[in-house]
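Welcome, and please have your viewer ready. We will go from ring to ring and then on to a pair of helices.

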Amino acid sequence: MGGAVVDEGPTGVKAPDGGWGWAVLAGCFVITGFSYAFPKAVSVFFKELIREFDVGYSDTAWISSILLAMLYGTGPLCSVLVNRFGCRPVMMVGGLFASLGMILASFATSIIHIYLCAGVITGLGLALNFQPSLIMLNRYFSEKRPLANGLAAAGSPVALCCLSPLGQILQYQYGWRGGFLILGGMLLNCCACGALMRPLLPPKKSQELEESTLTEEEKPRPKRKLLDFSVFKDRGFVIYTIAASIMVLGLFVPPVFVVNYAKELHYEDTHSALLLTILGFVDMFARPLSGLLAGMKCVRPRSIYLFSFAMIFNGCTDLIGSQANNYAGLVVFCAFFGMSYGMVGALQFEVLMAIVGTEKFSSAIGLVLLMEAIAVLVGPPGAGRLLDATKQYMYVFLLAGCEVTLSAIVIALGNFCIRRKQDDPEAKMEMVVTAAEKEGLNHGVEGEEDDEGEKEPREKENGKASALNTGEEMIMVGEEGGEETTETSL
């Protein structure tokens, strides 16, 4: 934890950090926008649905909840499909599902039909787009990855600023059924974004080297695990997962309640709704700027601490904002919350990529999203119950602030304890060997096979790990402790 990984892709290709990667980034920007903004954007149709099906607001709120639950809870399923079929086919099928769900929902005759169509089917389609797009972004960017993550994450506030007004226009012009139908057509753009996710191919020399190595060893390449649970052996990943789950309990609470908080203080609906616009506008610029900051050479090896700072910043903003008793105070709160919220959004997946690396990221993100799905379903409803019991929004914001601050303390202390166990505390960036060095390494290892049994314990004492995996090896200089390790793709 705490460092930046400069990875090769799963095919042994070094990330190009540009070129077609910018097209991949554009696709990821759109997908992130749809995935995070869509559950909030459909809320503009809730009044029409309440009138159409004679249900309560809590019944319609389940649509957004199911969408988010599918987005987070299907993480392991997405990981399995990506590892089995690849990112591009999964995303294109996901785009069809996302569109089909909204089109079918436009013909719904009960609220249950909308739960199944707009909630389950569209939610699954968005999930099949969101996770693979992040995986491809991680494969195409290495040195510029923090900036790429920040720019992609900015798709969420941009899409929210566009989709919410668009939804209101569609509802006014065509009704909720026509609006759902048009939104379903818009979601077909996910298929176009999926088509941009061109897989990286190894150069011909690397392919020839790999084939010759396999021929010499006469051993088939082991099958890639569809869901790699070995990530739980990484203490850094475990600490990140625990901290992220605690963080999600309170992270999404203030945006849900801030408008009603303003109404409780007897401000007009238009002024109250403006608070979310302020929050989104600041968030829009905070994300790419945070990615730019995290990519600086002096900051990137310590990105975990920047992430911890962002969470503490967010938690303290909630704690202080709970004392706001006028509109000016809420405006200031939304500005600072948008800044801290944007920092967290830009850094959360960048830090996860840095912890587990490219090879295990597809499995790691699925497992993390599954754990966060539980917290997403518990956090806002729990805050709502607290509000029902106390009738004061102050306690809701205090609870959210304490949860986010606790998560920051967990991840910072966990990372500090791991670093203390290293022999050398100096942090260095990980470096990847070139193809020529790989070839020389393979020949060197073949000559040392006889005394491998005597050499392995000595290497472990010096902090070195040696492994062979079908002739495909990487030497990395560990960022923490300057350790030299030999890594194998699984």
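Rings of Phe, Tyr and Trp (its six-membered ring) pair if their centres lie within 6.5 Å; planes under 30 degrees apart count as stacked, over 60 as edge-to-face and the rest as tilted. This is a predicted model, in which local features need pLDDT of at least 70 and side-chain atom pairs pLDDT 80 or more, while totals for chains, interfaces and linings use all residues. Numbering starts from 1 along each chain as its sequence is written, and side-chain values use heavy atoms, without hydrogens or water.

Start by selecting Phe-252, Tyr-261, Phe-333, Phe-337, Tyr-341, Tyr-393 and Phe-397, which form one aromatic cluster. The whole structure holds 18 aromatic pairs. Zoom in on Tyr-261 and Phe-397, a tilted pair with 5.2 Å centre to centre and 45 degrees between the planes. Tyr-261 and Phe-397 are both buried (under 20% relative accessible area; exposed is over 50%, partly exposed in between, with a 1.4 Å probe and protein chains only).

Next, pick Phe-313 and Phe-336: their ring centres are 6.3 Å apart and their planes at 75 degrees, so this pair is edge-to-face. Phe-313 is buried at 18% relative accessible area, whereas Phe-336 is partly exposed at 40%.

Finally, show Arg-145, Pro-146, Asn-149, Gly-150 and Ala-153 of α7, which meet Gly-345, Ala-346, Phe-349, Glu-350, Met-353 and Ala-354 of α15. Contact here means heavy atoms within 4.5 Å, and helices are DSSP runs (H or I, at least four residues), numbered from the N terminus.

Methods:
Helix = DSSP H or I, 4+ residues; strand = E, 2+ residues; numbered from the N terminus.
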